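Subject: Structure for your review

Dear colleague,

Please find below the structure that I am handing over to you.

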Amino acid sequence: MKKNSFLYGTLLLVVVNFIVRFLGFFYKIVLSRMIGAEGIGLFHLVFPILMICITFTTAGIPVAVSKLVAHNISLGNKKNTYRVLALATITGFIMSSFFAFLLFKNARFISDNLLKSSDSYYSLLGICPSIVLITLSSIFRGYYYGIKEMKPAGTSQVLEQIFRITFVIATLYILGPIEIKYAAFVAVIGISVGELTGFIWLLYNFRKTTRLKRNYSPLKNRPLFYITDILLIATPITITRLIAVIVQSLNALLIPQKLQLAGYSYVESMKVFGKITGMAFPLLFLPFIVTSALVINIIPNVSQEMAYKNLHNIRVKSALAIKMTLFVSIPLFALFLTFSEPICTVIYNEHDVSFYLSFLSYSVILWSLHHTAAGVLHGMGKQVITTINYLLGTSVQLFCTFYLVPNPHYGIKGFLYGFLISSLIICTLNVLSLKFFIKKMPIKFINDILKPIICTCFMIACIKFAYSILQIGLVLNTTISILFGFLVYMISILLTGSVKISTLKYVFTKK
């Protein structure tokens, strides 16, 4: 398989995503045991502040770098790729330094008046350097995605997690029992340590593979022209991400309050909200391990083909991304719809979470398709359209949160209905936009949709059968049944010809 092939990059990023998530899952378990529930609570109290700050600097600029670098590579303008990277780095450094300084100066006010926790002061100070480091690392990863070199970017993410985990666990172990606020501070500092390690690795690879003259200056030849290009791409994407962060924050604030108006007690409202956002959502977004890899990879690929004006390759690669999305999301949707109770009991020991998981399972396909379609549209330079589509969908969700959740007839179902309707609106608008700009996309109903659905039905039947005959305990029953079902699904996909040998040859050999 060629190292710059579309599938190679996607598979590599899927593996990286899986490793990073697995390490993160392990880290959360160990950290919770070392600093306790209060320490974890303090850590997550300041985390939204970090997310808001880096949304401005990492949501759009790395995507713009990836797209512009790929575009210039396709035109043979290698020097311009360095200019894009340099100007984006300067822009990102200035913006992130501004937010870091702003947070540093107002940390006491935020901790005492907004977060209502004086213990969060040190943690807020601790996230200041991470704002700059996360921004710079994201920009350099965007550059590597643009030149289709996935290994340095992927390795940096794995190194970041390993060094972060090692630093935090080792420091807490050496220091022994300490006050909660200092333990949370160590956990926050670990973010900067990990990001610094990843950034050093990216710089090392850049220096090793790049030969620039000492007198090279990115500020020559109309720098404002390139900065304008970066901001034109980055701004709509940043607005979309900012909307998502704001909606998430509003939901966290409003849903418990609105549920109490519907007759829930405070404890009940917090439990229900926690079960949805902290338990059901992480499972629902499992396909993002694949779709996020697709999106990262599809943007520079489509951008490059746009520069070549090769509409055929854009159709083929976009269709391939949609097919891969469907192959992953359809079986997961069916699994969560029909097998949610054993899954939730095994993972969370909370069988009632299964109601929320099965109710929201329809959004698995919708969010996955929306994610992939938006990535293709970003690669084509249509990021303004995806922003409008997202804004329309989220406005419906907020409407349901405001007016349906406090109604005793709906309660939490008001939020669930709003989430599903908004998912349907965003997905439909993005897919229709994609069909408008890419005519005659080679997606066949029977081969790419109907056959995966039939294979999925067979998979579910096999899971149910295996689960009914195995008598080796709930955990092993559930695990073995699901693994067996997915094996059956993959074999069925090949036997039915949904994935053809000719397609495999194409994606394993073509750029």
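By the rule applied here, the count comes to one salt bridge. Please keep in mind throughout that this is a predicted model.

The salt bridge joins the side chains of lysine 323 and aspartate 448, with a nitrogen-to-oxygen distance of 3.8 Å. Lysine 323 belongs to helix H11 (residues 311-338) and aspartate 448 to helix H17 (residues 445-469), so the pair ties together parts that are 125 residues apart in sequence. Aspartate 448 counts as buried, because its relative accessibility is 2%.

Methionine 441 and alanine 319 are separated by 122 residues in sequence, yet their C-alpha atoms are 6.1 Å apart in space. Leaving aside neighbours within four places in sequence, methionine 441 is in contact with Arg315, Ser318, Ala319, Ile322 and Leu434. Is methionine 441 buried or exposed? It counts as buried, because its relative accessibility is 19% and the cut-off for buried is under 20%.

Glycine 411 lies 148 residues from glycine 263 in sequence, while the C-alpha atoms of the two are 8.4 Å apart in space. Not counting residues up to four places away in sequence, glycine 411 touches Leu259, Ala262, Tyr264, Leu404 and Val405. With a relative accessibility of 2%, glycine 411 counts as buried.

Serine 423 is located within helix H16 (residues 412-437). A polar atom of the side chain of serine 423 lies 2.6 Å from the backbone oxygen of phenylalanine 419. Once neighbours within four places in sequence are set aside, the contacts of serine 423 are Ser363, Leu366 and Trp367. Serine 423 has a relative accessibility of 2% and therefore counts as buried.

How much of helix H13 is covered? This helix, residues 353-360, is mostly covered, with seven of its eight residues buried. The buried residues are Val353, Ser354, Tyr356, Leu357, Ser358, Phe359 and Leu360.

The surface shows another side of the structure. Val15, Phe18, Ile19 and Phe22 form a nonpolar patch there, and together they have about 400 Å² of accessible area. Phenylalanine 18, one of these residues, sits in helix H1 (residues 6-58). Phenylalanine 18 counts as exposed because its relative accessibility is 52%, and the cut-off for exposed is over 50%.

Finally, I turn to the cysteines. How many disulfides are there? The count comes to zero disulfides. For cysteine 128, the closest cysteine sulfur is that of cysteine 53, at 8.0 Å, which is too far for a bond, because a disulfide requires the two sulfur atoms to be within 2.5 Å. Cysteine 457 is likewise in no disulfide, and its nearest cysteine sulfur, in cysteine 455, is 9.2 Å away. Cysteine 128 is buried, with a relative accessible area of 8%.

Yours sincerely,
A colleague

Technical notes. Residues numbered from 1 in each chain as written. Predicted model: local features only at pLDDT ≥ 70, side-chain atom pairs only at ≥ 80, totals over all residues. Heavy atoms only, no water. Patch = residues over 30% accessible without salt bridge, like charges linked within 9 Å, V, L, I, M, F, W, Y side chains within 5 Å. Areas by Shrake-Rupley, 256 points an atom, 1.4 Å probe, with all protein chains shown as cover. Salt bridge = Lys/Arg side-chain N within 4 Å of Asp/Glu carboxyl O. Helix = DSSP H or I, 4+ residues; strand = E, 2+ residues; numbered from the N terminus. Buried < 20%, exposed > 50% of the residue type's maximum accessible area, 1.4 Å probe, protein only. Polar contact = N/O pair within 3.5 Å; in protein donor to acceptor, adjacent residues only side chain to side chain. Contact = heavy atoms within 4.5 Å.
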